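Here is a quick walk through this structure for anyone meeting it for the first time. Keep the 3D view open while you read.

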Amino acid sequence: MIDRRRFLGGAGLAAAATLGATSCARSRATGDNVIRYWGMGAADTDKDQAVLDAFKATDAGKDVQVIIDQVPSSGAADNSQIITAVRGGTAPDLWWMDRFNAVQNASIGLLEPIDGLIEEYEDVSVEEFKSQWIQFAVDELTYDGQTYGLPTATDARGLLYNENILKDVGIDLDMFDPTQHVITWDELREVARQVTHEDSRGNYDRFGFVPWVDQGTPYTWAFGLGAEVYDNETSKITLDSPEWKAVFELYADWAEEFPYSKVDAFYATYQPPNAPPTQNALFSERLAITPTGPWQIQGNEKYAPDLPLKWTWLPVQKDGDPTYTWSGGQSLVIPKGANMTKTLWEFLKFFAGYPGQSIYQPMLGNLPTNLQAIVEKKYNPGAELFREMLPNSTSRPPLPVGSAVWDTTDRAKSSVALGSKTPQEAIEENQALIAPKMALFPDFKMPETYGKPSPIPEA
Amino acid sequence: MSATDVDGARAAGTGAPARSTTPLAGASGEKRRMSLTHKRNLRLGLLFISPWIIGVAVFIVYPVTYSIGLSFTRYSGMATPTWVGVQNYITAFSDPLVAKATGNTLFYAIIAVPLGLVVALTLAIAMNQNVREVAWYRTIFYAPSLIPAFAMSFIFIVFLNPQFGVFNQVIGLFGGSNVNLLGDPTGVKIAIILMAQFGAGNAALIFLAGLRNVPKTVYEAARVDGAGPIRQFFSITFPLLTPVLLFNLITGVSGALQVFTEAFVITNGSGDPDGGALFYMMYLYKTAFGFAELGYASALAVLLFLTGLALALLIFWLSRRFVNYDVDAA
């Protein structure tokens with residue numbers, strides 16, 4: 001039998017070995033030709049690999065070792081993984097990040113600006129180099145006059161509708177044809193009334209439309225109603241403006257006719273939260289219309305190839321009003337502490353530039369941000385309407401408190417739709433929550449070009 | 001004269017109460033020998049418990065101390081913390097979301113904890129029945145506690161589905177209309193309270209140990225005196241279980257203040273509808289890792305810690321009135 005001394009000695013050795021192994025396990029790979037990259041996500045590993053293979057076939061990439069980890073950004077939710085990695089010295093050299101988080105992450109010192117790399121390795125000015133990408137996407141990566149990464153994918157918002165359901169209830173489909181008409185809110189309400197049907201117990205078993213589901217976020221309608229989050233002139237949060245009140249009045253108005261709880265029960269039944277992509281109320285022909293974007297195209301083609309699912313513009317107040325939308329998307333950024341080498345720059349430029357985007361954008365379903373890739377239509381043909389939207393699209397305002405604004409306005413949406421707050425109470429609370437946070441960034445200015453058209457050259 | 005001699009003189013000559021003398025307090029040579037043994041035992045003892053000492057120091061003492069320090073700063077997790085004094089605490093007391101999250105958490109705690117104790121005690125009594133298949137009952141009653149909170153949350157989403165969920169199917173059998181618990185700010189809290197009862201098995205095991213500790217002779221004496229089962233429960237079982245009840249109450253309150261996982265999964269991290277499931281820990285988490293306000297989040301954590309401590313002390317103080325430690329005497 002093992003004696004106590006040997007047991008203690010063995011246990012000590014085992015503990016030391018474990019500590020040693022764990023401390024070495026995630027240490028940074030070294031060398032100027034080694035790049036650690038946090039990729040698009042487990043479902044898109046093939047896209048990352050396709051770009052990497054293409055890069056390795058170039059002169060710049062032939063001796064490069066790229067270590068891909070799939071640690072996806074979780075949108076506005078959680079930055080703990082990347083902060084921990086940067087603080088622990090194990091951060092990647094390159095990170096596929098939701099562009100919406102760029103300014104917040106730059107403001108806390110999580111990202112490296114790339115202007116120095118452009119100046120060092122490119123023969124053109126920083127501005128000229130950045131002009132290869134669509135303006136609003138570059139704006140979303142700009143903080144305090146510096147650029148924090150290059151934009152990759154983008155998107156826009158529109159209405160996705162099922163022609164079968166609309167035809168069944170006798171709707172004139174020309175109303176939804178984006179080449180003939182932009183539907184108004186009143187017309188959309190009437191269509192929703194006609195489509196919506198209840199079963200014998202009073203539950204919706206076929207549903208038309210409500211403005212608070214899917215991409216029906218306050219931001220989406222704010223762009224149509226002229227509501228702005230931040231006034232660049234006065235450096236003030238403007239979440240209590242009359243335009244924002246109109247956004248929440250829209251929810252309150254629709255919720256009077258389509259109660260939040262009943263709508264929620266419909267979605268919980270036919271498209272519950274965290275459901276697999278196949279369990280979609282559109283695919284089961286229970287839902288007629290929803291606000292969404294081109295990322296849905298892949299799913300439509302894969303899971304409902306025979307359904308007549310089509311796209312049109314977001315609704316406007318009255319006939320003749322200009323169309324509107326907004327664009328999100330991703331970017332490639334360099335976390336603090338990365339090995340800023342020419343190799344890294346070449347890989348970043350390749351990945352976010354025309355060569356990379358022409359490989360992965362058609363596979364992703366979204367739209368490119370690289371102007372040449374847009375002009376040469378390196379995207380899914382089903383996204384053509386969204387491509388038309390791009391010149392007049394813009395991003396959500398690039399603010400260092402972006403996540404908090406998103407979270408706050410989204411919560412107010414359900415409060416108003418449920419009737420627990422009036423639109424006036426909602427906007428007052430939103431302002432009270434966000435203004436003090438933004439006050440920590442006195443005289444903050446968004447880029448001058450924010451909110452202005454982003455021209456795309458003709459083919 | 002050594003201190004031991006003084007003590008000995010006092011004890012012998014003055015009539016003062018004599019200290020208990022141990023072998024360690026004997027002759028100096030003996031003292032040295034015993035002291036070496038004592039030291040060796042101490043070293044070995046410390047070595048054996050060193051993983052826990054290190055664990056507590058590294059994973060509890062240091063983070064708690066660091067967090068208290070951070071609570072007086074503005075800190076994003078990246079740049080150097082900036083001292084802001086008690087500003088984070090002032091902000092916390094005027095933040096409407098802190099008020100909402102606190103209200104939600106208290107709503108949960110006030111219902112879930114007492115209900116959990118009743119459910120756990122009922123399960124424990126069922127597990128304590130003197131029948132042959134009791135081992136099966138114990139396994140069946142305890143099994144739901146083994147399901148991780150996130151998995152139970154997914155089960156509940158389906159269970160409570162407003163149309164095809166079992167919950168609404170049963171209501172339908174009695175002619176009731178569908179209830180969309182997860183679509184209502186109060187309903188979602190009630191759903192999470194119901195879900196928590198599936199984890200009552202852990203507390204039930206502790207109650208069961210307490211029940212097994214009550215001497216059978218006491219029940220026999222009570223029966224001889226003519227006490228029925230209900231009288232026996234309220235006069236014997238319950239009073240003698242109060243130390244266990246106190247333990248379960250304190251751990252239950254502590255757990256209730258930190259409710260997080262179920263709400264996070266069910267609401268997809270939003271805490272909606274209408275912030276109805278925005279519990280304190282969830283707001284703290286969002287503040288720290290979503291909004292990169294680790295200083296403010298640390299202040300919220302300190303306030304939570306102080307609240308938990310105050311409640312524990314209050315329960316201890318109240319426990320003098322209801323806890324009976326006479327089980328051995330009984």
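## Chain B at a glance

Let's start with chain B: 32% of its 330 residues count as buried. Keep in mind that this is a predicted model. As for secondary structure, chain B has 14 helices and two strands. If you look at its contacts with a separation of 6 or more, 67% of them join residues 24 or more positions apart.

## The two domains of chain B

Chain B splits into domain 1, covering 3-13 + 20-70, and domain 2, covering 89-322. Taken over C-alpha atoms, the centres of these two domains of chain B are 40 Å apart.

There's also a record to go with this chain. An unreviewed UniProt entry puts the feature "domain: ABC transmembrane type-1" at residues 102-315 of chain B. That span of chain B is 73% helix and 0% strand, and its end C-alpha atoms lie 19 Å apart.

## The two domains of chain A

Chain A is also assigned two domains: domain 1 takes in 30-155 + 328-392, and domain 2 runs over 158-312. Their centres, over C-alpha atoms, are separated by 31 Å.

How many residues of domain 1 of chain A are in contact with domain 2 of chain A? Nine, and they meet eight residues of domain 2. On the domain 1 side of chain A, the residues touching domain 2 are four nonpolar, four polar and one charged.

## A closer look at one helix of chain A

Now zoom in on helix α3 of chain A, residues 80-87, where the buried residues are I82(A), I83(A), A85(A) and V86(A). Viewed down the axis of α3(A), these buried residues fall within an arc of 165 degrees, so they line one face of the helix.

What do the buried residues of α3(A) pack against? Their partners are two strands of chain A, β3 (94-98) and β15 (329-335). Just after α3(A) comes G89(A), with a positive phi of about 75 degrees.

## Where the chains meet

Finally, look at the contact between the two chains, which involves 30 residues from chain B and 34 residues from chain A. On the chain B side, α4 (96-127) and α13 (280-290) each supply at least two of the residues that touch chain A. Which of these gives the most? It's α13(B), with three residues. By class, the chain B side that touches chain A has 13 nonpolar, 13 polar and four charged residues.

Notes: Residues are numbered from 1 along each chain as its sequence is written. Chains are lettered from A and ligands numbered from 1 in the order in which they are written. This is a predicted model: local features need pLDDT of at least 70, side-chain atom pairs count only at pLDDT 80 or more; totals for chains, interfaces and linings use all residues. Domain bounds come from an automatic or database domain assignment. A residue is buried if 20 or more other C-beta atoms lie within 10 Å of its own, exposed if 12 or fewer, and partly exposed in between; C-beta atoms are placed from the backbone. Helices (H or I, at least four residues) and strands (E, at least two) are DSSP runs, numbered from the N terminus. The arc is that of the directions from the helix axis to the C-beta atoms. Two residues are in contact if their C-beta atoms, placed from the backbone, lie within 7 Å. UniProt positions are given in the numbering used here, feature names are shortened, and annotations may be inferred rather than shown by experiment. Ala, Val, Leu, Ile, Met, Phe, Trp, Tyr, Cys and Pro count as nonpolar, Asp, Glu, Lys and Arg as charged, and the others, Gly among them, as polar.
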